[in-house]
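Have the sequence and the 3D view open while reading.

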Amino acid sequence: MSWLDATIFVPLVGALIVGLIPKGRDAMVRMVALSASLLAFALSLVVLGQFDSGTADFQLGSSLGWVPQWGIRYETGVDGISLWLVLLTTFLMPIALYASWRTERLVKPYFAFLLALETAMLGTFCALDLFLFYLFWEASLVPMYFLIGMWGGPQRLYATVKFFLYTLAGSLLMLAAILYVYFSIPGEPTFGYEALLGTPLSLTAQTLAFLAFFAAFAIKIPLVPLHTWSPDAYAEASTPVAVVLSGVMLKMGAYGLIRFCIPLFPDAARRLAPFVMVLAIAGILYGALVAVMQKDFKRLIAYSSIAHLGFIVLGIFVGVEQGMSGGIIQMVNHGLQMGALFLLIGMLAERTGSRMIADFGGAARSAPVLAGLFLVVLLAALGLPGLNGFVGEFLILLGAYSAYSWWAVPAVFGIVLAAVYMLWAYQRMFHGPVRVETRRVVDIRARELVLVAPLVAFIVFIGVFPQPFLDRINPAAQRAVKQMETSVLPSGGGVARSGGASGGPVAGGGN
Amino acid sequence: MPEFQAPTILLSGIAPEIALAGTALLVMIVSGFVSGHRSSWYLPVLSTVGFALAAALAINSLDGVNELQLSGSVAADRFAVFVKITLAVFGLLTVWLARDYLTRDRLEEPEFYALVLFSVAGMMLMAGAADLIVMFLALETFSISLYVLVGFRRGSLLGQEGAMKYFLLGAFSSAFFLLGIALMYGAVGGTNLYGSAAENQDGIVSFLNGAPVDSYGLVIIIATGLLIIGLGFKVAAVPFHMWTPDAYQGAPSPVTGLMAAGTKLAAFAALIRLLDVTLFTLRLDWRPIIVALAVVTMIVGSVLAIVQEDVKRILAYSSIAHAGFVLTGVLAANDRGVSGTLFYLATYGLTVLGAFGVVAVLGGRDERRVRLADYRGLFYEHPGMAAALSLFLLSLAGVPVTVGFVGKLVVFGAAIEAGYTWVVVVGLLASAVAAFFYIRILVVMYMQEPVRPGPATPFGVLSGGVVALTALATIGLGLYWGPLIQAAENATLYFVTG
């Protein structure tokens, strides 16, 4: 067991301890849960400290036998891609737990589910065995299902069932593809990620398997037209759950694209890249356009999130290092921004009992600090230079422009639209004539500042000084781009293994 | 004067069955001497001893050789042993569940235990049957016991209806099975599945191996189809599933659990021996039948479950869908298929027994509270039972970390290995549909407020223990399934050599 494994399982242990606490000791439940998530964060910082930024290989994990009959191992590790997602998870989780401090209903299962979810998400990012990955991937579904369904808004049942069925349908297709790849590998059967890389597959088989994986990840991201579960889920989820859902869980989809979809089926990925990019750009424009029209601010964030994830997918599939790096850092950025936005709107909703943009007006007068923080996060989300959103979007657009010059244009238009809906909503809520309801809006409290301040600090920090992040991401991004250029077609280019950054790119014969 | 040679009669192949049948007779005899219902504690004790003895005898022959016994009519192989051990566990759990159930409903009678013992004995014999006649005897032994058990709640109309339907359609299916045997006999000249042993030439395998390929003839194919129909009834494959919802609903819940777990396992064991061993050379002929059955069963079972309002009926349709999933392992007709099917059935049995255990516990007197609406807000009344049932449902849905996921993984893996990826894709889509009704129950239990604080349903230590045990198995085997899949892989079938 390594520090990484400890990070993964500390929350689960916390969940079990929470489960054992006798009834009625809610304060103790909260403390235990928060300490477990803080301990996980501390452990992940140790992982960050040990991380060697000079290599693209997987590090700091462990590999244990599990089901030898089927070649299943417990195998974990991080590279520059998963490292930051792990840190994002462990960073957002204590915030989400602390934001749930006032939950009075069914405290015990609530905190237990959140902690179990943290383990599942961390495991998803660290698993290097496809079986293990699938296990964590699906296991994350169950706590989220309960979290939305038991502690959500009035339409929670509809939202949670839709969420569960959508994601499960996608995952099951992925399972079929995993099994297919498993039985296609020559020699000793294994679910090991690095062993499965370079499994020779015909273009047709690759395309089908790619689409099956892609369905699972695209639903999670979500990409248009598979997005319809997400606005409902966001709108109905309570604030902390929405933070986790949008901040971390969606990244599992984008992460899966980089980690599995492209490297396992590179020829299909190259062949289908234009198709995926069209979907991504459609998502950027559609998400932004629909966001403009939203009356409920939570739904506005949901649609803006669709647009932002369109950017991330675009960056991943342009096949250039800048795009890939931009996509990866943008995942972290997006997590921080969404977390902050959901927390802030949650605070406003708590004060006025409404999330409707039209119910606010002139709130900046009575709550200047809150308004200021809101503005910073909104500006970050629309990509203002000096804040984190700019770094990611700039890199993505740079990559898109260098690879497919004209494709960057509609994406840029998406940024303009983002400015429209974000600033327009801000203007309507915080400026203009003061409405009666808004008078009650008191400024941010110390407890709430503790929640938002770290997020805003990192939003500014990454915006000003992204280099420490990019230094660790870049080797892994290079590797990912090289993997996309590899070919694993059985004939033609021969069976090319794409092992690590050392393995040179092999010209593809697929297109 | 020639010295008298005593024939060696090996009984290890049917020792567990003998133990169970003996215990059943003992139960009947002892009950004649004990009067009154008050002192019925000996019934579950005797049955427990019987099942433990059967399991012990089966385990004892685990390391024995694979061979045919009793003039080649019973196969003593590791496959049969695996099935018998599993069936003994199922029987044990059923009896423990039934104890509390019967006491509550004032149904405690020795016949119940005797019938459970007889039916499990029949199921065990099914697993080792190496002759179509023995297979038929075994089939009838457990079927007739189950007909009575299904109608054991004499006061219940649903029970009457279920037993009647099960009996009529069961008799119908037996006729198909018998006709299949007759046709097979007509074509081959024997009813033995193997028949290559020196003493017994006329078996199906020896016929298929001896005859030229083009002389297999239509009759054998038709006979195979009829035998599949007969067994298809028992495993509740579509379109032979009509009796399932009614019988499952009408039967006392512990019996329903035994039917879902045990009958399926026994009938599938016989089907596997028939198809994968005896008719293996004809797999190009029977595979399309099994593929069609699997696809239709998975889809129909999953879709029809959606509209049900009674938890027992939901689980009945789910068991139909599961028969379809198991069939994907059968159609693979490879090593992974056999071990995967065994693994699937063993773990499905544990899960479904647990699920019906929860239903039995929560149903209350006369099983009045089995409708979906009765489970509203269950989590707030019985958090433990709700958690256990959710675990079982998630396992049935095939969500990872539970054993149901592993089961699907192994049977679907076998089918993909055999080249039937499209069937697997259909199966996974059916699972996605099926997930809807499983989580529908979860929604009702967790996300709806309890209508009124229903009557407190106390439950005994035994049934609570069964639920806890099966819940532990569901999650434990889901995480650490290596040993069980190893055991299933070791459970090799007896093949004709030479």
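R336(B) has a relative accessibility of 15%, so it counts as buried, the cut-off being under 20%. The model is a predicted one. The side chain of R336(B) meets that of E417(B) in a salt bridge, with 3.4 Å from N to O. This pair links distant parts of the chain: R336(B) sits in helix 13 of chain B and E417(B) in helix 16 (residues 403–417) of chain B, 81 residues apart. E417(B) is at 39% relative accessibility and therefore counts as partly exposed.

## A salt bridge within one helix

K165(B) and E161(B) form a salt bridge in which the closest N and O atoms are 3.6 Å apart. Both residues lie in helix 6 (residues 157–188) of chain B, four residues apart, which is about one turn of the helix. K165(B) is at 32% relative accessibility and counts as partly exposed. E161(B), at 37%, counts as partly exposed too.

The pair belongs to a network of salt bridges that links E161(B), K165(B), D246(B) and R313(B). Over all chains, the structure holds 20 salt bridges.

## Where the chains meet

How many salt bridges are there between chain A and chain B? The count is zero. On the side of chain A that touches chain B, the elements giving two or more residues are strand 1 (63–67), helix 5 (130–139), helix 6 (141–151) and helix 7 (156–184) of chain A. Helix 7 of chain A gives the most, with 16 residues. By class, this side of chain A has 29 nonpolar, three polar and three charged residues.

In total, 35 residues of chain A are in contact with 38 residues of chain B. The two chains bury about 3,300 Å² between them, and 81% of that is on carbon and sulfur atoms. In chain A, the residues that lose the most area to chain B are Q69(A), W70(A) and F183(A), together 19% of what that side buries.

Chain B has 19 helices and two strands. Its radius of gyration is 22 Å, close to the 23 Å that the globule rule gives for 498 residues, so chain B is as compact as a globular protein of that length. The C-alpha atoms of chain B fill a box of roughly 80 × 60 × 40 Å along the principal axes. Of the residues in chain B, 64% are buried.

Chain A comes to 20 helices and two strands. The C-alpha trace of chain A spans about 70 × 60 × 40 Å along its principal axes. Buried residues make up 65% of chain A. Among contacts in chain A between residues at least 6 apart in sequence, 81% join residues at least 24 apart.

Methods:
Residues are numbered from 1 along each chain as its sequence is written. Chains are lettered from A and ligands numbered from 1 in the order in which they are written. Side-chain values use heavy atoms; hydrogens and water are left out. Contact means heavy atoms within 4.5 Å. Buried area is the accessible area (1.4 Å probe) that two parts lose on being put together, summed over both. A salt bridge is a side-chain nitrogen of Lys or Arg within 4 Å of a carboxyl oxygen of Asp or Glu. Ala, Val, Leu, Ile, Met, Phe, Trp, Tyr, Cys and Pro count as nonpolar, Asp, Glu, Lys and Arg as charged, and the others, Gly among them, as polar. The radius of gyration is taken over C-alpha atoms; the globule rule is 2.2 Å times the number of residues to the power 0.38. Buried means under 20% relative accessible area, exposed over 50%, partly exposed in between (1.4 Å probe, protein chains only).
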